[in-house]
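Student: Please take a close look at one part of this model. Give the cut-offs behind each term as you go.

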Amino acid sequence: MIKRFATFALRLAALACVLGLLAGCSRDVLYAKLDEQQANDVVAALINAGIDAQKEPGERGEGWRVSLDRRDMPAAVAVLRDAGLPHQGIANIAQIYKKDGFVSSPLEDKQRFIYAREQQLGNTLRQFDGVVDAYVYLSIPDKSPIDDKPPSGSASVVIIARPNAGIESRAPDIKAAVMTGTEGLTDPSRVTVQFFQRTPSEVPVQPARSGVMRGDVASILLIGLAALAVLLAGLLLWRNRGALMGHPSRGVMRREAAGER
């Protein structure tokens with residue numbers, strides 16, 4: 001009987017531990033296949049907003065993923081939308097100039113070049129204070145074979161800024177950055193810049209939690225239950241150690257002594 005109770009207590013403790021671990025791991029993946037910089041930016045923004053987020057390696061080594069409590073999902077999406085995160089990844093040269101055939105046409109090479117330059121310029125403009133996102137669209141005509149004068153290109157820039165960021169005053173700096181990074185673009189009037197403000201999301205962001213998180217509370221309670229079950233089982237085994245080892249208990253010894261008298 002004692003062994004059965006002790007076995008039951010130990011099984012209950014093991015079950016409580018497993019449930020505690022599962023409660024602590026009840027998290028959903030918010031983003032996957034991010035590079036490390038993107039994952040760091042996302043986690044930092046969420047933690048600053050009081051949302052418990054974790055960065056972990058993706059499956060099969062496919063970048064990084066960010067996970068959080070399912071109940072924090074609406075607030076996390078709102079925070080990242082307002083911050084313009086994660087930023088669009090910048091393709092490397094090997095990805096941009098990946099050739100499907102043996103020989104690529106001059107038109108394909110030019111389109112790849114323009115696409116790479118647009119990505120680089122957009123990433124540069126995102127570093128400006130107050131800019132949530134930026135997009136650059138270039139138009140670079142082909143050089144005329146009979147005219148030595150370089151072709152005059154043009155550019156269109158779209159800036160998405162935070163409310164009241166005052167980024168409109170930096171339009172000359174934005175034009176200069178685009179012209180410097182684009183060959184043949186020397187006339188500021190050929191660069192148009194449009195500004196838009198991103199309206200903050202209406203989803204309320206929960207304040208930062210102090211101490212343990214909600215998922216940790218369930219884990220602590222279940223693990224505490226497991227520890228209590230182990231303690232009770234240990235006390236029971238200790239009090240009845242004589243019977244378990246084959247030695248008679250004190251009550252049995254007293255009855256035998258009384259019978260001899």
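Tutor: Helix α2 passes helix α3 in a right-handed crossing (the near helix is turned clockwise from the far one by less than a right angle). The model is predicted, so local features need pLDDT of at least 70 and side-chain atom pairs pLDDT 80 or more, while totals for chains, interfaces and linings use all residues. Residues are numbered from 1 along each chain as its sequence is written, and side-chain values use heavy atoms, without hydrogens and water.

Helix α2 covers residues 36–48 and helix α3 residues 73–83 (DSSP runs of H or I, at least four residues; strands are E, at least two; both numbered from the N terminus). Their axes come within 10 Å and cross at roughly 115 degrees (lines fitted to C-alpha atoms over the stretch in contact; angles between N-to-C directions, 0 to 180 degrees). On the α2 side, V42, A45 and L46 meet A76, V79 and L80 of α3 (contact is heavy atoms within 4.5 Å). By class, this contact has 6 nonpolar, no polar and no charged residues (nonpolar: Ala, Val, Leu, Ile, Met, Phe, Trp, Tyr, Cys, Pro; charged: Asp, Glu, Lys, Arg; polar: the others, Gly among them).

K55 belongs to strand β2 (residues 53–57), and the two residues are 19 apart, so the pair links distant parts of the chain. E36 counts as partly exposed at 40% relative accessibility, and K55 likewise at 30% (buried is under 20% relative accessible area, exposed over 50%, partly exposed in between; 1.4 Å probe, protein chains only).
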